[in-house]
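I opened my notebook today to look up a few things in a structure.

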Amino acid sequence: MSTNIPALKTAKSIDRDADVVVVGLTSVGGTPTLVGVPTDLEKAWSKQLPSPLLDTVVALGARSELGTLTTLPPVPQRLVVVGLGDVDVTPSALRHACGVALRKISGTKDAENLNVTISLELHDPELARAAAEGAVLGAYRIPRITQKPQKSSVAAITLVTGRAQLKESVEEAGVIAAAVVQARDWINTPPNLLYPETFAESAKAHVSDLKVGAEILDEKALAKGGYGGILAVGGGSSRSPRLLRLTWAPRGAKFHLALVGKGITFDSGGLDIKPAGQMASMTCDMSGAAAVIAATRAIAALGLSVKVTTYAAMAENLPSGTAYRSADVLTMFDGTTVENANTDAEGRLVMADALGRAGTDSPNLIVDVATLTGACMVALGKRTAGLMASDDATADRLLDAAEAAGEGFWHLPITDDIREGLKSDVADLRSSGKNRYGGALTAAAFLQHFIPEGVSWAHLDIAGPAWNDESPYGYTPLGGTGAAVRTLVALATQLAG
C-alpha cells in the first residue's frame with residue numbers, strides 16, 4: 001500500500017499539541033462568522049491580539065469565498081482559516097475546502113511530520129466523511145524518486161467531530177481516500193518502473209492481505225486464451241502484456257459487479273506515433289486500471305456485500321518491427337474480427353478483450369473505466385468525465401454514485417448512426433469510425449459490441465479528469481488524480497444495500 005497517507009483520527013476537541021489548526025469562515029447575511037472556533041481557543045488568541053479573533057481574521061484579508069485561505073501568525077498555535085462559502089455547507093464544499101487547506105499546509109516550506117487538526121463543526125456523517133476525504137487527498141504529494149527517502153509533510157490529520165459515532169464515517173473515508181492515493185501513486189510512477197509485469201505484480205501484492213483472489217495471465221496464457229487485442233497492442237514492446245483478474249466474493253452477496261480498466265502503462269501511439277510534446281503525459285494511460293484495482297481493494301476493505309470481479313488489461317503501446325499496424329485484422333477474445341483503423345486507438349482493443357472475458361462471468365452489471373478518447377475532452381473539458389450506458393436506468397445509477405462521491409460525469413448518447421460507422425468491408429467490425437466526429441461515442445459503441453446481450457453496462461471515459469497538467473485545485477494535485485475510484489466505491493456501496 002502507499003505510504004503517502006497521513007494517519008486519520010477523530011477527537012472531541014482541539015488538541016493543544018497540534019502544529020496547525022484549520023477553522024472555517026462563512027457569511028451569515030453578509031456578516032462574516034467563524035466556524036469551529038471553541039470559546040477557549042478564541043480566548044487564548046484574544047489574550048495575544050489587540051482585537052477579537054474575528055476582527056483580526058478579517059483584517060488579515062480572510063474571506064468566506066469557498067477555498068480561500070488565510071494563515072495567522074503562530075500565536076499561540078498556527079491557525080489556518082479557510083473559506084466555506086454559503087452558511088449551508090455541503091459535503092462537496094467541505095471536501096474542496098479541506099483539500100485546499102491541506103494542500104497549502106503540506107506544501108509549506110520545511111513542512112515535516114505535521115499534526116493537523118480540522119475544526120469545522122462536523123456533526124453529520126456525510127460532512128465528516130467529506131472533510132476527511134478532502135483533507136487526506138489535499139495532503140497528497142507525488143512520490144519523488146531520489147537517493148534519500150521522501151519525508152512526510154503531514155503525519156496525522158485529526159477531525160474534531162464532537163460525536164464518537166462519527167468515527168466510523170471518518171474511518172470509511174480514510175479507506176476510500178487511501179484507494180485514491182494508491183491509484184495516484186501508480187499513475188505517477190514513471191513508465192520505465194511501472195510496466196505490465198510490475199503493475200500486475202504490484203496490484204496483486206496490494207490486495208494480498210484481504211480475501212481477494214488474484215490471477216495474472218502472462219503473454220503465453222493470453223495467446224492460449226485468444227486475447228488478440230491485448231497481444232496486438234503489447235506486441236511492439238519488449239515488455240509483454242498482462243491481464244489481471246481480481247475477485248471479491250463475500251458470502252451472501254446478491255449482486256455481481258464486473259469492473260474493467262484500461263491499463264496502457266505507456267502509449268506512444270504505436271506506429272501511428274503521437275506528435276512530440278504529447279507523449280510524456282501518457283504515463284497516465286493506465287488510470288482506468290489503477291481506478292478499478294484500487295476501488296476493488298477499498299470495496300473489500302469496507303466489507304461491502306457485493307460480488308466484484310475486476311479485470312485490468314495491461315500493455316505498453318510502442319512502435320517496433322513486431323508492432324501491430326493500421327489495417328491489421330485482429331481476432332478478439334470473443335471471436336469477433338476487428339479491422340484496426342489506428343494504432344493510437346489501442347485502448348478499445350485491450351478493453352474489448354477484457355470486456356469479452358468479463359461477460360463470461362455472468363455479472364449483473366459491467367462498468368469499464370478508461371482514458372479512452374481525446375474527443376471526450378473536447379466535448380466535456382478536463383474536469384468532467386463522459387458516461388455512456390446500455391440504458392438510462394444504468395446511467396442514472398452511475399450518476400447517483402458519482403454525485404454521492406463528488407465526482408463530475410455527464411451522460412452522452414450512443415446513436416444508431418454512430419454504430420453504422422463501425423461497419424467494416426473486411427472484418428466483423430472496424431475499431432474506429434470513418435470520420436473524426438463523435439469520437440467518444442464511436443469508441444463507446446465499439447466497446448458495447450463486446451457486452452453480452454441482456455447485461456447492463458456503463459462506460460466511463462475519464463480522459464479529461466484522470467490527469468492534471470495545469471495547476472492544483474481543491475484536493476486535486478498535479479499529475480494523476482485517481483479519478484473514478486470514489487464513484488466506483490459509491491456504486492458498490494449502493495449495490496450492497
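**Before I start.** I noted that this is a predicted model.

**Helix α5.** I looked up helix α5, which covers residues 167–188. I found 17 of its 22 residues buried, so the rest of the structure largely encloses α5.

**Residue A11.** I then went to strand β1, residues 7–11, where A11 is found. Its relative accessibility is 22%. Buried would need under 20%, so A11 counts as partly exposed. Which residues does A11 touch, leaving out those up to four places away in sequence? I wrote down T158, L159, V160, T161 and G162. I also compared A11 with A214: they are 203 residues apart in sequence, and their C-alpha atoms are 38 Å apart in space.

**The largest pocket.** My last stop was the largest pocket, which holds about 930 Å³ of space. I found 38 residues lining it, and K274, L372, T373, G374 and A375 lie nearest its centre. Elements giving two or more residues to this lining are β10, α10, α11 and α14. Which element gives the most? My note says α11, with 4 residues. By class, I listed 13 nonpolar, 14 polar and 11 charged residues in the lining.

Note on methods
Residues numbered from 1 in each chain as written. Predicted model: local features only at pLDDT ≥ 70, side-chain atom pairs only at ≥ 80, totals over all residues. Heavy atoms only, no water. Expected span 1.5 Å × (residues − 1). Buried < 20%, exposed > 50% of the residue type's maximum accessible area, 1.4 Å probe, protein only. Contact = heavy atoms within 4.5 Å. 1 Å grid on protein atoms, 1.4 Å probe; cavity = no way out; pocket = protein on both sides within 12 Å on 5 of 7 lines; lining within 4 Å. Points joined across faces, edges and corners; volume = space filled by probe spheres on them. Nonpolar A, V, L, I, M, F, W, Y, C, P; charged D, E, K, R; others polar.
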